[in-house]
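Take a look at the protein below.

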Amino acid sequence: MESIARANHGDWPQRQLILLHGERERGLQTAAELIAKRQPERLVWVSNAPIPDRISEVIPAGICRPASRPVSRPVSRPVSRPVSKPTSKPLPQPFSRASKSATHSFIAEAIPPAKVQRLLGGECDLLVMDFWTGLDADAIGAAVGSLRGGGLLLLLSPELADWPSWVDPEAARIAVHPFSAAEVGTRFIARLARLLQAYAAVERLEGLEGLDGLGPGGSADARQAKDRFRLQHLTTDQPSAALTPAPSATRSAAGGEGAHDPVSRLEPSGQSIGQSIGQSAGQSAGRSESRLGGLFTDRSAGQSKTAPSATGPSAARRSADAEAFDADARAEQARLAQDRAQPATADQAEAIAAICTLATGRARQPLVLTADRGRGKSAALGIATGRLIAKRRLQIIVSAPRRSAVDTLFEHAHAAFKQTNTTQGVESAAELEHLLSFQAPDAVLATTPTADLLLIDEAAGIPAPLLEQLLMHYRRICFATTVHGYEGSGRGFEIRFRALLDQRTPGWQALRLRTPIRWSQGDSVEQLMNQLLLLDAEPASDTQVADADLTAVQFVLHDRDALAANEPLLRQLFGLLLLGHYQTRPNDLRHLLDGPNLSVASLCVDGLVLATALIAREGWLEPALIQPIFEGRRRPRGHLLPQTLSAHAGLREAPRLGYARIVRIAVHPAARRRGLGRRLIEAVAARAHQDGLDVFGASFGASAELLSFWRHCGLAPLHLGTRHNAASGARAVVVLKPLSPAGAGLIEHARHRLDRDLPILLTGPLQDAEPALIATLIQEAACRPQRIDPAQEITPRQAANPAREADPCQDIDPDQEIDARQVIDRDREIDARQMINHDREIDPADWQQIDAFADAHRGVEAALPALARLVRAHLAVAPNAHSEANVHQASPPPTMKHLEQGQLSTSQRDLLILSILQRRSPQTIIATLGLSGRAEWLLLLREAIAALRSLTLTQSPKRVM
């Protein structure tokens with residue numbers, strides 16, 4: 001039977017949470033007392049500033065090493081009356097301290113919120129989150145996951161009732177140009193404070209009572225009593241008393257449950273904090289000013305304080321403590337390596353066995369492994385990998401959206417390999433490096449390396465088309481993803497990918513890890529974090545949506561104050577975004593509620609959110625920024641569309657216009673293929689037009705399916721990124737629709753530049769782009785631009801009535817819908833030959849070369865210019881109806897319908913683009929299309945050119961020779 005590293009895992013005690021809110025110095029004093037009493041093995045202090053002196057006093061002196069770059073003091077919120085602004089000074093570097101005594105091993109580490117990723121895979125038993133230096137929602141979710149069972153979480157914050165009136169230093173990350181941090185909303189903090197206050201109201205423990213059991217003396221009995229959630233809610237309005245250990249609880253003589261009070265308590269001892277902890281002779285006993293004072297600035301006060309510098313321990317003391325720490329660290333590393341080689345739960349053991357069976361059993365039976373965060377999914381992958389390589393010497397490839405996502409996997413793989421290696425006789429660890437490698441998903445597809453097993457971690461972050469190609473190429477493959485986690489949600493992956501697996505590999509298997517590895521099942525802190533950050537938010541059920549009357553759908557432009565106060569609606573809406581976008585994180589919730597340039601729109605019926613979109617207003621930048629943006633010297637925060645069009649597409653004047661950009665959009669799975677996504681986009685575009693904006697658009701990772709959707713909504717793809725996205729492996733595409741005459745002029749200019757630049761880009765940075773995307777770009781570049789009459793209101797529909805602007809809920813009448821493609825199609829009803837410009841004109845000499853290639857043995861290189869003009873001319877006018885990207889597109893205009901009877905096949909179109917326009921090497925094309933060799937490639941290419949020649953002659957039978 002598989003041995004479990006933690007046999008007593010089911011006995012994990014509940015983690016505890018203490019909120020210290022109020023006057024900062026009193027909160028730090030109480031935190032210092034708790035740390036001194038608790039005597040943790042590892043303290044993690046998450047803050048944008050170093051550990052304050054008051055806390056350092058209770059940490060055994062030891063080595064000091066930098067943990068991050070210096071952090072600049074945030075700027076105070078402006079107030080109505082004149083105040084003196086604080087001087088901007090860099091704070092000292094955060095540090096780590098460690099020491100070892102005869103009775104206690106101690107590690108203290110300060111980590112800025114932006115670097116909490118380093119906690120992944122590690123553990124601590126006391127975690128302090130200092131919200132005075134900024135609230136980072138992502139950091140909360142990541143850091144709390146490192147707190148093991150029985151650990152203590154301390155939250156330091158301003159008074160809950162006053163917190164929303166302070167300027168959060170992290171607000172600067174949300175502020176977009178030209179807004180300041182003071183203009184960022186505080187709805188997220190107000191909601192968080194309200195929820196914490198509500199939990200405190202359930203069981204509010206005043207002062208310093210209720211905390212014995214936190215120290216070593218009472219912890220064992222306290223753990224047995226933590227069978228329900230309690231938020232230890234401490235106010236720091238009054239000075240705190242020193243802490244004294246409480247007597248251990250005793251069991252009753254009658255047997256059964258003990259007489260231990262389930263609420264931990266701290267009893268006043270009558271001693272001062274200086275007497276309890278001790279102060280050096282050179283320290284001021286009356287010091288009350290915090291090093292971090294003033295990092296938050298009260299609107300009413302508008303003042304801040306300057307902190308003294310920290311002093312470090314002596315060199316001799318540092319040397320002795322460093323030696324002790326090194327010895328302790330080596331022992332700790334040995335213990336961790338042993339643990340990493342064994343499963344921590346029965347769930348993990350089952351997953352490891354399933355992965356090993358996958359690698360050695362029948363092919364074409366992929367495994368899908370899902371888990372909430374903290375269940376040991378990546379560790380299970382790593383342990384199985386190490387064992388398989390040690391025992392069977394299998395070649396294993398690991399892939400993920402980014403390399404850092406699989407650090408834990410590789411750590412456990414090395415530990416498991418090392419442990420198994422001692423009995424299996426594998427030659428050396430160098431063989432592990434040879435047999436185990438990481439490759440990005442797009443790199444795997446580009447090179448298709450040989451592998452006995454392909455492991456894809458965080459698969460929900462990889463586009464479905466890439467996953468499908470990997471699924472079809474590799475015979476043994478495991479997909480793993482997080483369902484609920486601070487980095488994103490895999491719920492949408494489960495829904496979307498299941499159908500593909502059923503179709504392609506009906507023998508696939510699913511396994512869910514449910515047992516936490518660091519805390520107990522049903523842990524109260526985890527439940528609270530899920531609610532605060534909406535990690536487990538879910539949309540309306542499929543049954544509810546299926547029963548809804550879609551004819552009664554209403555367009556709602558949400559009031560964000562009301563949305564933040566409506567928890568059920570917010571959970572529905574954010575749950576839908578989690579479902580539709582894997583990389584939706586807790587910080588996205590804060591952006592949604594507080595972003596100064598954002599708005600939220602939905603289609604709702606009977607309280608159900610069927611579709612929702614997050615919209616950003618961009619552009620209208622000041623003239624002084626136009627040239628610096630174009631030159632790449634300035635990138636004002638929060639203006640993606642105008643910056644992309646200026647800096648990358650060559651449209652210098654783009655930042656002068658106003659834009660409405662769809663940041664996120666999601667439709668409920670039970671309501672898809674019903675036109676709701678298009679209806680929502682058209683309603684948002686109509687509202688943007690009413691508000692005087694010039695351009696409506698979006699930017700996303702390009703795929704045939706998404707391009708089809710956006711083109712169906714009337715937005716044209718006019719820019720394709722030259723680089724692959726590091727997370728998705730896809731190229732970013734920009735789709736646009738004009739809302740004003742100025743916007744129409746910009747889009748016409750964009751089409752002209754795309755048509756002119758594309759031939760050069762195809763042989764350079766776009767040489768490896770998907771043929772379906774290239775075909776779409778060529779077609780759009782040759783379109784006659786849509787014209788906007790300044791005297792008329794041209795919108796996709798009349799969904800937003802100016803007379804009803806005060807009412808956020810408006811009915812959508814399906815009978816009034818106008819297909820936006822009709823406007824473009826009318827402009828395209830011209831003879832195809834008139835659309836061919838001078839660089840696509842085919843003269844008699846070209847036809848001679850085309851004939852010689854199609855009917856004889858003329859080489860590709862010799863006929864390449866003539867063949868390129870023929871292919872571009874065809875793609876510019878062809879409706880591309882054979883393409884997957886056009887499945888849902890409107891019918892082509894009548895003057896082009898003659899091409900439908902003799903369309904090229906998709907494979908022929910791809911072959912022509914790869915060979916003639918992108919000019920990829922024959923070897924690459926043969927591998928991409930799965931051809932037998934150069935002879936077959938050349939034969940198929942001649943056939944495709946002959947077919948294209950026939951289509952052109954049918955279109956224009958008169959040919960001058």
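Of the 961 residues in the protein chain, 56% count as buried. Buried means under 20% relative accessible area, exposed means over 50%, and partly exposed lies in between, with a 1.4 Å probe and protein chains only. This is a predicted model, where local features need pLDDT of at least 70 and side-chain atom pairs count only at pLDDT 80 or more, while totals for chains, interfaces and linings use all residues. Residues are numbered from 1 along each chain as its sequence is written, and side-chain values use heavy atoms, with hydrogens and water left out.

The protein chain has 31 helices and 26 strands. Both are DSSP runs numbered from the N terminus: helices are H or I with at least four residues, strands are E with at least two. Now consider contacts, meaning heavy atoms within 4.5 Å. Among those between residues at least 6 apart in sequence, 78% join residues at least 24 apart.

Start with helix H18, residues 567-580. Its 14 residues reach 20 Å from first C-alpha to last, close to the expected 20 Å at 1.5 Å a residue. That expected span is 1.5 Å times one less than the number of residues. In H18, 11 of the 14 residues are buried, so the helix is largely enclosed by the rest of the structure. Among them are Glu567, Gln572, Phe574 and Gly575. At the start of H18, a side-chain oxygen of asparagine 566 comes to within 3.2 Å of the backbone nitrogen of leucine 569.

Turn to helix H25, residues 771-781. Here 11 of the 11 residues are buried, so H25 too is largely enclosed by the rest of the structure. Its buried residues include Pro771, Thr776 and Glu780.

Next, find arginine 54 in helix H2, residues 53-56. Is arginine 54 buried or exposed? Its relative accessibility is 17%, so arginine 54 counts as buried. Its side chain joins that of glutamate 25 in a polar contact of 3.0 Å. A polar contact is a pair of N or O atoms within 3.5 Å; within protein, one must be able to donate a hydrogen and the other to accept it, and residues adjacent in sequence count only if both atoms are side-chain atoms. Arginine 54 also lies 9.1 Å from alanine 31, C-alpha to C-alpha, with the two 23 residues apart in sequence.
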